[in-house]
Amino acid sequence: MKKYFGSPVPAYTLKTFLLCFAALWFFTECQKSIKPVQEDQLEMWIDSLDRHSRKIGIKNAIHTLDSIMATRPKKTFADRMQYYKFMKVLCHRDSTLSEEALSYTDSLLLLFSSVQVREMYPAEYSKALLLKGDDLLKQKEYYRAYRNYYHGKSFLTGLGEICECARYSSRIANISYKEENYYQAIEYWQQELKELAKCREADNFQLQFIEKQGSIRNIGMAYIHLNQPDIASDQFRKAMDFIDKNESKFPREKNFIKFARIVILLNQAEAHVLKKEMKIAERLLKKCLQHDPEIDWSMEVERDSRQLLARIYIETKEFSKADEQLRILKSVTSTANDAATASLHQKLQGSVLFGQGRFEEAGRLMLASQETDRNNKLKKNIENKSDVSVLLQQVQREHEVELVAEKDAQKELILRFVILISITLCVIAYQIWRSARRSAANLRAVTELNKAVTQSNIVLQDTVNALEHAEAENQTVLRIVAHDLRSPIAAMISASHIIFWEHTPSKDQLEILTAMQQSGEMANALISQILQSSADREKISTSNIALPEIVQSCVDMLRHKAGEKQQNLDFQFEEVTAPVDREKIWRVFCNLLSNAIKFSPPGSTVLVSLQKQGGQVLLTVRDQGIGIPDELKGEIFLPSDNAKRSGTAGEQSFGIGLSICKQIVEAHGGRIWFESESGIGTAFFVELPATPLNS
C-alpha cells in the first residue's frame, strides 16, 4: 500500500547538526544547576528529535536521546516508557538497527508485567502490544502477530477504551490491503473511523488527523485497485475536505499537512487515469513534482508520480515526453533493490521503444520484464501468505476457549467455597446441638418454674378477688398482705431475667420466660392497685388498644394451665380496637378464660373468638364444661359465696371474680352475659364499644 509518511530522504547539513549539538550542550549544562526536567520537557526533546532525526542522522539522534536520559538522576515510569517507544521509532528508520528495534519493544513490554500497571496505563500498554504485533508481522509470524493484536484490542474493549482500538483495526486493514483483500481492508478502515469518532483527545495529532485522513484516503486506494475510480475520487475529495477543515487545529504540523495534500493529489491523478482523463491527471502530477522547500521531499512520491506521467504519455503517444520522465526517474532513484519497480520500469521503457519503432530493443525489455514478473511470482508462492480473516477467527475461537476455561475455574472456586460453607454450617449445627443438650436440664427447670408461677398466678388472682370482696372490712390487713407479696413476685421476675445470663435461650425457652415475666408484671400491677386508695382503683383510664393482643396475652399465659388438663385453647379473631383500660380489661378476659379452663373436663376445647359487629366488639369464651345449674344462674354476677363451686380438677373458687368482671365491663360502657346448659357447656359474652373509624 502507498503510505508516504515514513521515509523522507535525510537532508544532512552541518548547520543543523551544530544547532542540535549546541542545544544538547545547553540542556546538559542546565542540569547541573536546576532540578531534573519534568516529563513535559522530555516529551519536548523527543518531539524535537523526531522532527530533525533524518537531518542529523538516526544514530546521532539515538546518541542524543541517550545523553538526555543520562542527565536525569531519577527516571520515572513515564520517562522509561517514552524512551523505549521513541528508541523503537528511531531504530525502525534505520534498516541496520532492526534487531535493536525488537529489543526495545521487549523492554517496553516488560514495564507492563503487572496487571495494576496495565490498568493504570491502558493506552500505553495497548501501543506496546501493537508494536510487538508489528515486529512479529515483519518476522512473518502471522498467527502470533494477530494474536497480539486481538489480545490488545480485547484488553482495551474491556476497559472501555474504544478510541485506542482504532490502531488495531488500522493494522488489520493494512495487512488485508497488502494481501489484495481490498473489500476486507475497506471494512476494517471503516471500523477504524467509527472507533476514532469516539475519541475525546481533540489535540491528538496521530489519532485525530493522521489516522483519520489516512483511513479515508486508503479506502479510496482500495477502490482504485477494485477499478472503481468514481468511488475512489469521492473518497479522495473527502480526505482533502477533512484536511481543509482540521488543519487550523494543528499549526505546528503544517509541513506534514502540506505533504499529505501532495499524496492525495497523486492518488486523485491515479483515479483520473483510470477514467481516461489524462489531461487532468497530468496537471495534478505536475503539482506533485513541484518541490516545496519547507517539507522533506519523498523519493517514493517522485518515483510514483513520474511513473504515472510516463504511462500517461505512452497512452497519448507522446513517447519523447515519456522517455524523458523515465530518464529523470532513473537518475534520481535506484530500482535495483525493488524487483516490482524494476519490472514496471522495463515495461514502460519497452512501451516507449515500441512506440518509437525500435522493436528489437523493445522486445528484449519486454522479455526481461516478463522474466522478472515470473521470478516475483515464484518468490511470492514460496513465501507463506496469511489469510487475515481465517487467522483472526482462529484467534477469536482460542480466546473464547480461554474465557470458558476461566469460567470453569471460577465455578470450581465457587464449588470449593460452597463446600467450605457447608462444612462450617455443619460445625455450627453440631455446636448448637451440644449447646441444646447442655441446656436441656435448664429447660426442664424453667418448665417446672413456669408451672409453679402459673399456679401462683391463679392463686393470686383468687386472692385478689377475695380481697376486693372484703376490702371495706380488712383494708389494713389487705395492704400488709399485698405488700408482702411484692417481694416473691419481684424475685421470680428477677430470676427469670438472670436465668440465661450464661447461655442464649432457645425460641421455646424465650417464649416461656416472656410469659413468666408478663405474668409477674401483671401480678405486680394488680398488687399496686390494691395498695392504692379505693377511689384510685375505681378509675378507668382508657386508650385505643388492639384487643387481639390483650386476648392473646391471656391465652399465652393460661395455655400451660390448660395443657395440664390436656385442654386445647382455640383463639379466632378479627383485627379490632376499642377504648379500654388495658390492665382492667385484661383482668376480665383472663378471669373468663381461667373459669372456662377450671370448669371444663380434661381433653376438651375452649373456643375464644373476637369479632366486630357494627360499632361493637364482641368477645366470646365458649367451653365444653359442666355448665351452670339453673338455681345458680341468677347469682353468677353477685359477690356471694352461694355461686362458688370447685373446678373439674378440684380447683378452688371464691365466687367473686365474675362480679368484678361485670363492674369493669359496665364501667367501660359495655355489657356481659352468658348462655349455659348444664352438662354441655357455657358461653360468656362481653360486648364493648369499638373505636370509631375516624379516630
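Reply: This is a predicted model. A disulfide is a covalent bond between the sulfur atoms of two cysteines. The cut-off here is a pair of cysteine sulfur atoms within 2.5 Å, and by that rule the count of disulfides is zero.

Me: Is C288 buried or exposed? And C426, buried or exposed?

Reply: Burial is read from relative accessible area: under 20% is buried and over 50% is exposed. C288 has a value of 0%, so C288 is buried. C426 has 53% and therefore counts as exposed.

Me: Next, the sheet. In what order do the five strands of the open sheet run?

Reply: The order is β2-β4-β5-β7-β6, and the pairing is mixed. β2 and β6 (671-677) are the edge strands, each pairing on one side only. On average, neighbouring strands of this sheet are turned by 15° against each other, direction ignored.

Me: Which helix packs on the sheet?

Reply: α24 does, touching β2, β4 and β5. The direction of α24 makes about 175° with that of β2.

Me: How should I read the pairing of β4 and β5?

Reply: Look at the sense and the number of bridges. Strand β4 (residues 605-613) pairs with β5 in the antiparallel sense over seven bridges.

Me: What does β5 do with strand β7?

Reply: β5 and β7 (residues 681-689) are also paired in the antiparallel sense, over seven bridges. L619 has V686 in β7 as its bridge partner.

Me: Why is β5 described as largely enclosed by the rest of the structure?

Reply: In a regular strand the side chains alternate between the two faces of the sheet. For β5 (residues 616-622), five of the seven residues are buried, so this strand is largely enclosed by the rest of the structure.

Me: Which residues of α12 are buried, and what do they pack against?

Reply: An α-helix has 3.6 residues a turn, so residues three or four places apart point the same way. In α12 the buried residues include A232, Q235, F236, A239, M240, F242, I243 and N246. The buried residues of this helix pack against α11 (205-225) and α13 (254-274).

Me: Which residues are buried in α26, and what follows that helix?

Reply: In α26 (residues 657-667) the buried residues are G657, L658, S659, I660, C661, I664 and V665. G669 follows α26, with a positive phi near 80°.

Me: Which residues other than glycine have a positive phi?

Reply: Two cases can be read here. K317 has a phi near 60° and lies in the loop between α15 (299-315) and α16 (319-332). With a relative accessible area of 63%, K317 is exposed. Q566 has a phi near 55°, and its place is in the loop between α24 (547-564) and β2 (568-573). Q566 also counts as exposed, at 56% relative accessibility.

Methods. Residues are numbered from 1 along each chain as its sequence is written. This is a predicted model: local features need pLDDT of at least 70, side-chain atom pairs count only at pLDDT 80 or more; totals for chains, interfaces and linings use all residues. Side-chain values use heavy atoms; hydrogens and water are left out. Buried means under 20% relative accessible area, exposed over 50%, partly exposed in between (1.4 Å probe, protein chains only). Helices (H or I, at least four residues) and strands (E, at least two) are DSSP runs, numbered from the N terminus. Two strands pair if DSSP finds at least two bridges between them. Axes are lines fitted to C-alpha atoms, for helices over the stretch in contact, and angles run from 0 to 180 degrees between N-to-C directions. Contact means heavy atoms within 4.5 Å.
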